[in-house]
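Subject: Structure handover

Hi,

Have a look at the model first and then read on.

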Amino acid sequence: MDEPVSNVVVDIGGGTSEVAIISFGGVVSANSIRTGGDHMDLAIIQHVRKHYNVLIGERTAENIKMEIGYALIDHDPMEMEIRGRDLVTGLPKTISLNSKEIQDALKEPLESILEAVRATLESCPPELSGDIVDHGIMLTGGGALLMV
């Protein structure tokens, strides 16, 4: 099988996400944004605080993201129980979250990453578009696991 001439690589890291179009071993176009896994964790923390009046930490938010976080629209719904501090009483409280609501919570950071991909593709020479359509986009980094 022939190797593709051009590749799009999207690296979703903790603090940033990078998008690069590589052709013949060199970077043709690249883009970097300050949105990554940490921003997704904060979005989950804000969602739980707003909808349940419960405060959770970054470690719990990351566990939620890793266990029931999905970027894909179609997925089997999953649930997860978590513990946090009730903001009214100050006491520990257990709540149940589902993957659909976490998907909604992650929508804004994921759309930022998608916009970076779009911007990078728009600045790409049109000759490379065929390879990109044929071979797709390579996702890497911890945030890429949301697409599995």
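R118 is partly exposed, because its relative accessibility is 42% (buried is under 20% relative accessible area, exposed is over 50%, and partly exposed is in between, with a 1.4 Å probe and protein chains only). E115 is also partly exposed, with a relative accessible area of 42%. The side chains of R118 and E115 meet in a salt bridge, 3.3 Å from N to O (that is, a side-chain nitrogen of Lys or Arg within 4 Å of a carboxyl oxygen of Asp or Glu). Both residues sit in helix α4, three residues apart, which is about one turn of the helix. An α-helix has 3.6 residues a turn, so residues three or four places apart point the same way.

Before you go further, note that this is a predicted model: local features need pLDDT of at least 70, side-chain atom pairs count only at pLDDT 80 or more, and totals for chains, interfaces and linings use all residues. Residues are numbered from 1 along each chain as its sequence is written, and side-chain values use heavy atoms, with hydrogens and water left out. Helices (H or I, at least four residues) and strands (E, at least two) are DSSP runs, numbered from the N terminus.

How many salt bridges are there by this rule? The count is three. Another one joins K65 and D41, at 3.0 Å from N to O. Are K65 and D41 buried or exposed? Both are buried. The pair D86 and K93 has its closest N and O atoms 3.7 Å apart. Here D86 counts as buried because its relative accessibility is 11%, while K93, at 32%, counts as partly exposed.

Now the inside. The largest nonpolar core has 29 residues, and I44, V48, I56, I64, I82 and L97 touch the most other members (a nonpolar core is a set of buried Ala, Val, Leu, Ile, Met, Phe, Trp, Tyr and Cys residues joined through side-chain atoms within 4.5 Å). Among the elements that give two or more residues to this core are α1 (37-52), α2 (58-68) and β5 (79-86). Leaving out residues up to four places away in sequence, I44 touches I56, A61, I64, K65, I102 and L106 (contact means heavy atoms within 4.5 Å).

Helix α1 has 16 residues and reaches 22 Å from its first C-alpha to its last, close to the 22 Å expected at 1.5 Å a residue (1.5 Å times one less than the number of residues). Its buried residues are G37, M40, D41, A43, I44, I45, H47 and V48. After α1 comes N53, with a positive phi near 60 degrees.

Back in helix α4 you will find A116, which is buried, with a relative accessible area of 5%. Which residues does A116 contact, leaving aside its neighbours within four places in sequence? They are V19, N31 and I33. A116 and R83 are 33 residues apart in sequence and 35 Å apart in space, C-alpha to C-alpha.

One last stop: L139 is in strand β7 (residues 137-140) and counts as partly exposed, at 38% relative accessibility.

Cheers
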